[in-house]
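Thank you all for coming.

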Amino acid sequence: MLFIDAPHVSFPDGFTPTLQLLLRWVHFMAGIVWVGLLYFFILVNTPFLQEADPATRAKVVTQQLPRALWWFRWMSVVTVLAGIWYWMMIVTADAHNAHTKGGVAIGTFFGLWTLAFVIEMGLLMAPPEILRKGAVFGSIMTLVLAAAAWLYLALNAHGWESNRLLAIGIGGGMGWFMMLNVWGIVWRMQKKIIRFTAESAGSLSPMPPETARLARIAMLASRTNFVLSFPMLLLMAVASHYPVFGV
């Protein structure tokens with residue numbers, strides 16, 4: 001007679017491990033939708049709209065784009081908030097084990113990455129057109145974001161910060177920056193473009209001259225997010241699987 005042992009299942013004690021699992025699950029699922037739509041916009045939708053006839057372009061912009069952007073911007077919020085909640089639990093645990101406080105780790109996270117966004121916003125909204133040239137804008141933002149990552153490590157080198165804390169402090173900081181991009185730049189510009197397109201299609205009038213500038217700003221912010229998604233995802237893996245930072 002064949003006997004098969006029953007599988008052994010043992011759930012962790014307490015609610016904290018379950019909460020952390022749920023936060024990571026929500027973080028992953030929302031992130032798939034957010035980043036997936038980002039890749040769709042950059043790799044598929046934008047090239048298609050550049051080649052589409054005016055009637056098709058107007059229909060896509062006024063009917064498909066608002067729906068896609070709804071999921072895009074709200075999934076960015078869910079992704080980032082779930083990730084930050086999970087990360088703050090790591091900060092709290094690391095600080096507790098070291099008999100200290102994690103205020104610097106949290107404060108520099110929001111301060112540095114928000115400052116990087118403010119600098120980017122200044123570049124994109126400034127009058128000189130040269131600042132919106134791809135090579136110029138890309139070079140400046142590469143230096144700004146690299147400086148933010150370096151400063152985060154330098155300001156949190158007290159000896160008790162774990163690899164997970166620091167890797168997510170950088171990768172999650174990029175996610176925070178990307179969410180600010182979505183709401184502070186991409187959505188603001190696209191709202192106007194959608195409205196202009198609807199008004200132009202309804203009255204058969206040409207698009208306002210401002211449209212090209214708005215589209216350029218939205219495109220640069222979106223491409224920045226596209227490029228940043230790769231190191232961001234790498235650092236999420238580094239957090240648990242490739243210890244190179246801290247203790």
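A search over the whole structure turns up 11 aromatic pairs, where rings of Phe, Tyr and Trp (its six-membered ring) pair if their centres lie within 6.5 Å, and planes under 30 degrees apart count as stacked, over 60 as edge-to-face and the rest as tilted. Before I go on, please note that this is a predicted model, in which local features need pLDDT of at least 70 and side-chain atom pairs count only at pLDDT 80 or more, while totals for chains, interfaces and linings use all residues. Residues are numbered from 1 along each chain as its sequence is written, and side-chain values use heavy atoms, with hydrogens and water left out.

One of the pairs is Phe-41 with Phe-72, whose ring centres are 5.2 Å apart and whose planes stand at 85°, so this pair is edge-to-face. Because Phe-41 lies in helix H1 and Phe-72 in helix H2, the pair ties together parts that are 31 residues apart in sequence; helices here are DSSP runs (H or I, at least four residues), numbered from the N terminus.

Let me turn to two packed helices. The axes of H4 (residues 134-155) and H5 come within 10 Å and cross at roughly 145°, the axes being lines fitted to C-alpha atoms over the stretch in contact, with angles that run from 0 to 180 degrees between N-to-C directions. Which residues meet there? From H4 they are Met-141, Leu-145, Ala-149, Tyr-152 and Leu-153, and from H5 they are Leu-165, Leu-166, Gly-169, Ile-170 and Phe-177, where contact means heavy atoms within 4.5 Å. By class, this contact has nine nonpolar residues, one polar and no charged.

The largest pocket has a volume of about 780 Å³, a pocket being, on a 1 Å grid over the protein atoms alone, an open set of points where a 1.4 Å probe fits, with protein on both sides within 12 Å along at least five of seven lines, and lining residues having an atom within 4 Å of a point. Of its 29 lining residues, Leu-49, Arg-57, Val-61, Ile-193 and Ala-215 are the closest to the centre, and H6 gives the most to the lining, with eight residues. The second largest pocket holds about 500 Å³ of space, and among its 28 lining residues, His-27, Phe-28, Thr-79, Gly-83 and Met-236 lie nearest the centre.

Key. Points joined across faces, edges and corners; volume = space filled by probe spheres on them. Nonpolar A, V, L, I, M, F, W, Y, C, P; charged D, E, K, R; others polar.
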